[in-house]
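Please look over the structure below before reading the notes.

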Amino acid sequence: MNTEHNHPNAIFIQLTTRCNAMCINCPHPFTYRTINKKGSMNDDTWETIVQSLIKNNYKGQVGLYLHHEPLLAPKLFNKIDDINNKTNAFVVLSTNGSLLNEDIQKKLIESPPKTLHININSADKMQYENMTKLNYDSVINNTIQFIDIASKKIDIQINCPVLQNVDTDKLKKTISYNSSEYKFLRKLQRRTTKKYIC
Ligand code: SF4
């Protein structure tokens, strides 16, 4: 809590209800297929949020993630610009990495968010693909490429939930890079009731 203004240190904004993964450790594949209609935040709502951040001089984290894949959100890069240029807050994104192609990588570097989490459930191709329904090779290649070109500009963090039978050390070795270039976080989720990571 920011005691000066009685503000939280972090807020999270769901820009869209869309996600292209089906992670077994996430309620998204169930909730957004059966309960919540897929949709995206409209411009007026976004502008109201930005004005509120300005009015309250909010200086904390704006997490553009919460049960969705932010790289699917319309006008994502305009929204990052709004936070960076109109407010005193900063942006944190959390992605599954599958859409992190060269074009998106360039746009992220130009924006940029302060921090980008890339969530990777496992370094075992079959286990990963069974868990997420995403393409393992593509996610790993995107991640390594992005660390290579962006780690001096964006704080990149690799998140791995600690799930049963997942070898988190193997993932750390797979993304074999100078450890000072990114942070590797194991989400110790057995200690909490929360099992999803983005
Ligand atoms: S954990 Fe993230 S990437 Fe996986 S289904 Fe949930 S929102 Fe999508």
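Predicted model: local features only at pLDDT ≥ 70, side-chain atom pairs only at ≥ 80, totals over all residues.

Residues are numbered from 1 along each chain as its sequence is written.

**Confidence**
- The protein has an average pLDDT of 86, and 84% of the residues score at least 70; pLDDT is the predictor's confidence in each residue, from 0 to 100.
- Residues 187-195 have a pLDDT below 50, and this stretch has 13 contacts in the model beyond near neighbours in sequence. Two residues are in contact if their C-beta atoms, placed from the backbone, lie within 7 Å.

**Strands**
- Helices (H or I, at least four residues) and strands (E, at least two) are DSSP runs, numbered from the N terminus.
- Strand β2 (residues 61-63) and β3 run parallel and are joined by 3 bridges; two strands pair if DSSP finds at least two bridges between them. G63 has V92 in β3 as its bridge partner.
- From β2 the chain crosses through α3 to β3, and this β-α-β crossover is right-handed. Right-handed means that, with the strands pointing away from the viewer, the path from the first strand over the helix to the second runs clockwise.
- β3 also pairs with β4 in the parallel sense, over 4 bridges, and S94 stands opposite H117 in β4.
- A right-handed β-α-β unit is made by β3, helix α4 (residues 102-110) and β4.
- β3 is largely enclosed by the rest of the structure, because 5 of its 6 residues are buried. A residue is buried if 20 or more other C-beta atoms lie within 10 Å of its own, exposed if 12 or fewer, and partly exposed in between, with C-beta atoms placed from the backbone.

- Leaving aside neighbours within four places in sequence, I120 is in contact with G97, V139, T143, I158, C160 and L171.

**Helix α5**
- In helix α5 (residues 125-132), the buried residues are Y128, M131 and T132.
- M126 and N130, on the other side of α5, are exposed.
- α6 (136-150) is included in what covers the buried residues of α5.
- K133 follows α5 and has a positive phi, near 65°.
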